[in-house]
Amino acid sequence: MNNGQTPPVRGNDYRVLRPAEDLTPSLTVSVIIPAYGGQDKLDLVLAGLARQTYPAALTEVIVVDNGSVPPLRLPDVRPEGARLIVCDQPGRANARNAGLAEATGDVIHWLDSDVVLTPGAIEAHMRWHHTAPYLVVTGYIRFTDAELPAELPADLEEHFEPAEPHAWIVDLVERTDGLTANPQRPFSLHVGGATSVGARLIEAAGPMDDELILGQDTEMGYRLGQAGAVFVPEPRARAYHLGPTMRMRDKESIDRVSHAFVADRIPAYRWLRSHPSRQWKIPYVTAVVDGTAGYDSVRATVDALLAGTVPDLSVLLLGPWDEVGRERRAPLKDPGLDLALVHGHYLHEGRVRLATAEELDPATPFVLRLPPGWIPGEDTLARLLDLARDEGLGLVAVLLRESSHGVVAARLERRSAFARARMVAGGEPGEPGEPGDLDDVVDAVSGVSWVEGETYGFTTEAAPLIGRRGAYRARLEARAEAERLAAEADRLRAQVTKWRDEATRWRRTAVELRRDVSTLRRQLAAANRAQQSLRTLLSATMKRALGRRLR
């Protein structure tokens with residue numbers, strides 16, 4: 001690795017990294033293959049691994065037999081040092097975790113037991129991992145219906161083509177400029193078929209969730225992203241999937257099962273959290289508030305947060321709650337009265353947790369640090385989250401007050417950006433730190449923006465909160481008013497149509513009148529001409545008659 005000389009990756013734009021073509025390998029890689037039955041396919045997969053160009057001395061292969069009957073065996077054609085372990089607990093997540101527990105590599109390479117790698121695939125992965133410790137690299141899988149050969153052919157392409165690409169991944173990569181154009185969910189690239197991950201990232205994110213029935217790959221990808229991962233698609237890391245996947249055969253049913261569980265665990269899947277008020281296992285944002293600043297100030301801040309337009313929220317109230325006893329006392333003279341009031345007021349509120357130290361779930365995407373007594377508007381937090389999402393910011397700092405005594409600010413922090421910043425700065429992704437310690441590095445990897453608190457609706461004056469019934473009535477009134485205005489608009493449109501029809505008739509009448517006037521004018525001109533001719537004739541006749549008399 002570059003030992004600090006690697007430029008920081010901003011967002012997911014890994015293009016600043018330059019993998020070496022003439023790589024001198026130094027990192028070890030553990031290839032973990034969970035398998036259940038399918039000995040014929042496993043034999044081909046291991047034969048493909050035996051052909052890899054990455055040094056065998058730096059590669060370990062762990063096959064995990066997940067209770068196959070008959071038991072799996074290692075074929076004669078296999079990588080040096082490949083070993084087989086058994087995991088009797090069913091489920092791919094359990095099998096992968098069993099392999100992970102045995103792995104010793106600097107990089108973990110997930111591989112399915114029906115995916116054959118092309119010879120340079122692992123080397124293509126490892127070029128990237130030698131540039132930075134926080135990468136997740138996914139190869140390009142093609143799905144083949146070719147007949148399974150008795151032994152792996154020399155030319156994989158000739159035998160397994162034509163094959164179908166992994167259309168979903170190809171589409172994701174193409175519409176996000178290779179995952180570099182501020183993609184909202186780059187972690188979706190983490191698929192277990194042929195993906196490699198830095199071991200430090202897995203240590204920070206934790207093993208696969210064995211409670212999930214489906215969607216384990218995506219859920220782990222999300223946690224890897226929270227740990228600071230950069231996701232890289234590598235087209236030179238190619239592989240063939242022997243036959244279609246279960247998802248390709250029955251996508252709708254699989255999504256139905258997967259979404260029911262991952263909604264609780266992946267806050268970034270906003271469309272799965274459309275319910276207007278329910279709580280989820282992992283909240284989208286946690287607000288951290290000092291609970292010792294006085295009952296009235298704390299309550300004004302916390303109640304405003306709970307009443308806001310972001311229901312997918314939890315509040316962490318920090319304070320010495322273990323000092324709040326239940327002994328008899330004179331409450332009005334108790335010096336710790338305010339602490340006891342805060343404790344009692346929020347002890348049973350499901351979205352508020354009382355803690356003596358900051359303990360945050362690393363899977364929570366955002367943390368809002370808000371000084372007590374500062375009250376966000378109803379839509380304040382939603383607007384700050386929109387700003388952070390739309391611009392890909394790692395930190396939105398809110399200037400609340402500035403004086404000779406210093407600056408008072410709130411902070412909306414993107415957890416994944418701070419995890420990445422810790423790794424770039426040389427620490428571990430899960431290490432704690434004081435707010436502000438990593439701001440400069442966060443600015444480099446994700447961006448920092450300062451905004452005015454007043455612009456975003458912060459105040460120190462508490463306003464009456466609108467209850468659900470009040471909001472319901474307001475919606476009914478607004479709906480009735482909207483219907484009234486819609487009816488009035490329809491009436492006005494009808495009136496306008498009527499006026500337009502009348503105007504059309506008037507225009508037609510005017511045209512007819514102009515035509516009649518034109519005709520009358522022509523007739524009048526003709527009469528005038530006839531009258532003039534008659535006058536001329538009469539004058540001539542009179543002149544002739546007068547001439548005869550004079551003679």
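In strand β1, V29, V31, I33 and A35 point one way, S30, I32 and P34 point the other way, and all are buried. Buried here means under 20% relative accessible area; exposed means over 50%, and partly exposed lies in between (1.4 Å probe, protein chains only). The model is predicted, so local features need pLDDT of at least 70 and side-chain atom pairs count only at pLDDT 80 or more, while totals for chains, interfaces and linings use all residues. Residues are numbered from 1 along each chain as its sequence is written, and side-chain values use heavy atoms, with hydrogens and water left out.

Strands are DSSP runs of E with at least two residues, helices are runs of H or I with at least four, and both are numbered from the N terminus. Two strands pair if DSSP finds at least two bridges between them. β1 runs parallel to strand β2 (residues 59-65), joined by 7 bridges. Here A35 stands opposite D65. β1 also pairs in the parallel sense with strand β4 (residues 107-111), over 4 bridges. V31 has H109 of β4 as its bridge partner.

T195 sits in strand β8 (residues 194-198). T195 counts as buried because its relative accessibility is 0%. Contact means heavy atoms within 4.5 Å. Leaving out residues up to four places away in sequence, T195 touches I108, H109, W110, H125, V136, V137, T138, L189 and H190. I108 is 87 residues from T195 along the chain, yet their C-alpha atoms are separated by 8.4 Å.

A237 belongs to strand β9 (residues 230-242). A237 is buried, because its relative accessible area is 3%. Its contacts, not counting residues up to four places away in sequence, are A121, A124, H125, G139 and Y140. A237 and T176 lie 61 residues apart in sequence and 20 Å apart in space, C-alpha to C-alpha.

The largest nonpolar core has 51 residues. Such a core is a set of buried Ala, Val, Leu, Ile, Met, Phe, Trp, Tyr and Cys residues joined through side-chain atoms within 4.5 Å. W110, Y134, L135, L201, I202, L224 and F231 touch the most other members. Apart from this core lies another, of 39 residues, among them L317, L339, A388 and A410. In soluble globular proteins, nonpolar side chains tend to be buried together.

Helix α9 (residues 251-265) has 15 residues. From first C-alpha to last it reaches 20 Å, close to the 21 Å expected at 1.5 Å a residue. The expected span is 1.5 Å times one less than the number of residues. A kink of about 35° is centred on H259. The bend at a residue is the angle between axes fitted to the seven residues ending there and the seven starting there. The buried residues of α9 are I254, D255, S258, V262, A263 and R265.

An open sheet of 7 strands runs in the order β12-β11-β10-β13-β15-β14-β16, with mixed pairing. Its edge strands, β12 (352-355) and β16 (448-452), each pair on one side only. Strands β10 (residues 285-290) and β11 (residues 313-318) run parallel, joined by 6 bridges. Helix α10 (residues 295-306) lies across β10, β11, β12 and β13 (366-369), at about 165° to β11. Axes are lines fitted to C-alpha atoms, for helices over the stretch in contact, and angles run from 0 to 180 degrees between N-to-C directions.
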